[in-house]
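Please look over the sequence and the model together, and then work through the questions that follow.

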Amino acid sequence: MVVPVLRQLAEAGELTVYTQDDPDFPDAPRAVLDDDLALSWHHAIETVPTLLRVRDGVELERTVGWLRMSWEELTGVEGLGPDLPPFRPGCGSMSVDPDLVDELRVRHGGSVLRSRRVDVAAAEDELEMMFNRGWADGLPVVPPTEQRVLALLTGTSRAPDEIVATVPPDLADVSVEKVAIAAVMAGCKPEYLPWVLAAVEAACTDEFNMHGVLATTMPVAPVLVCSGPGTRAIGMESGVNALGQGNRANSTIGRALQLVVRNVGGGRPGEVDRATHGNPGKLGFCFAENDVDSPFGTLAGQLGVDTGADVVTVFAGEAPRCVVDQLSRTPESLAGSLAAQLQVLHHHKLVLAFDAILVMGPEHARVFAEAGWDRDRVITELHARLATPAGALTRGAGDIAEGIPAGFGDVALPKFTPNGLMLAYAGGGAGLFSMIIAGWVNGDRGSRPVARLVRY
Amino acid sequence: MLDPTAERTPAERARLARPSSLAGLTVGLLDISKPRGDVFLDRIEQRLTAIGANVKRYQKPTFTKPAPVDLRHEIATECEVVIEALAD
């Protein structure tokens, strides 16, 4: 359609035509072939046709698509394409084709990536190669090609070479780029990257003590609890099967953190990771809170972080366990059930040593909410039901050797420290159940939960 | 593919134990493409064949560059022992 116009312009002055695919289009004037799209990429062409006015190699102005008025104004030639309609929007440039753009970014973008390149033989299976090098966590990982890593880095405004944290156990500095590599391997999409970065920052703090969490013989690992509107923007699951499989964001964000610990930090099972049993959540354990419907606010709010913000909280936790109570309709009865199950975490005679997160399901939470119990009331009432006379907890009591040392008299000892019992709200709408995630050694001797704002 | 590790230590893999005999083993001879390297390797092939080894011959495209990854993979999957010859 535009060919007669090009001929008019070629006659009127100096004109260079570039074509992205067909070297024979247009036939006259002859076009310069830009089939590697280098020129289109570097001139940020988004629409064809795009008309540029260039003097001494410098672009002065451009117009996109076909708008007779603009073409005439830009070229100074009157009466262009008299047989054409006055306006046509044009088509998308091949240099912004979603199927090509990742490859073009590698080819023309000028690599900002500093990681060592590892060659893979054509006859070599790249997934097997990554297993052989010890990069995988027992499941196949996505090959971190330059294309995929650059695409993932579009998810953050942070520079690839910015150092995010120092990762135990090797205390290796990790850059945004290396986190992006782990995120690619875990299966993340670009929009998950800010969450992974926040999780890495939170896990690699003295308070969280990733080294200890890794090295312990107990079956704990980072548990990521996410909240804020961003969880919905990236499609995280906070409802049905929130702690389970099937949601890409839930499944891959936690996995990416563990791959950072494994590959950058050097934390591998049988080496510094000395877990006696481990737990399936060590592949990655991440879920979102349903903060829209929660009658209790968010876990991040309990830890003193703005409830409305996008937050990742990392907690050293073991596998979740279920509390079934399908009959309680009063808050007192349900609190009794929950407290009984909280008492037995790790050992019913061991107290004050371990924190826990109670992940309350909507049907349990409703019992409390309808009775007017807020977060503080629920936690206070649970604490009140979790005090046991020291005599029943001492070593040897009940013919069980395990227990606390003697010498506490008969004072009632709480199961948890004042801040040791935390509450989160997630789960599907049907089922009078809650879940408990028990923690590791708490406080300064072990690990504290750490909440971090997500930075974009 | 990009290295996901901290790149603090060079990747090292332990060598296989030296075989006590080459009889019956597949021995790869890698010619690095320097002049007359083939003369030397032809003689080595004769000697190895005489003691019962199966010989496979390989050649790098140029001595100025490391062996391409595909060639390294081919040798690693086809041979139990490899001899890389230098000449000058």
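The structure holds 3 aromatic pairs over all chains. This is a predicted model, in which local features need pLDDT of at least 70 and side-chain atom pairs count only at pLDDT 80 or more, while totals for chains, interfaces and linings use all residues. Residues are numbered from 1 along each chain as its sequence is written, and side-chain values use heavy atoms, with hydrogens and water left out.

Q: What kind of aromatic pair do A:Phe285 and A:Phe287 form?
A: Rings of Phe, Tyr and Trp (its six-membered ring) pair if their centres lie within 6.5 Å, and planes under 30 degrees apart count as stacked, over 60 as edge-to-face and the rest as tilted. For A:Phe285 and A:Phe287 the centres lie 6.2 Å apart with 40° between the planes, and the pair is tilted.

Q: Why is the pair of A:Phe368 and A:Trp373 stacked?
A: A pair of aromatic rings is described by the distance of the centres and the angle of the planes. The ring centres of A:Phe368 and A:Trp373 are 5.5 Å apart, and the pair counts as stacked because the planes stand at 25°.

Q: Is A:Gln343 buried or exposed?
A: Buried means under 20% relative accessible area, exposed over 50%, and partly exposed in between (1.4 Å probe, protein chains only). A:Gln343 belongs to helix H13 (residues 331-343) of chain A, where helices are DSSP runs (H or I, at least four residues) and strands (E, at least two) are too, numbered from the N terminus. Because its relative accessibility is 12%, A:Gln343 counts as buried.

Q: Which residue has its backbone oxygen 3.0 Å from a polar atom of the side chain of A:Gln343?
A: Leaving aside residues up to four places away in sequence, A:Gln343 touches several residues, including A:Val351, A:Leu386 and A:Lys415, where touching means heavy atoms within 4.5 Å. The backbone oxygen that lies 3.0 Å from a polar atom of this side chain belongs to A:His348.

Q: What is omega for the peptide bond that joins A:Val48 and A:Pro49?
A: Most residues other than glycine have a negative phi, and most peptide bonds are trans. A:Pro49 sits in the loop between strand S3 (47-48) and strand S4 (50-55) of chain A. The bond joining A:Val48 and A:Pro49 is cis, with omega about -5°.

Q: What is the relative accessible area of A:Asp399?
A: A:Asp399 lies in the loop between strand S16 (387-389) and strand S17 (412-414) of chain A, and its phi is positive, near 60°. A:Asp399 is exposed, with a relative accessible area of 78%.

Key. Chains lettered and ligands numbered in written order. Polar contact = N/O pair within 3.5 Å; in protein donor to acceptor, adjacent residues only side chain to side chain.
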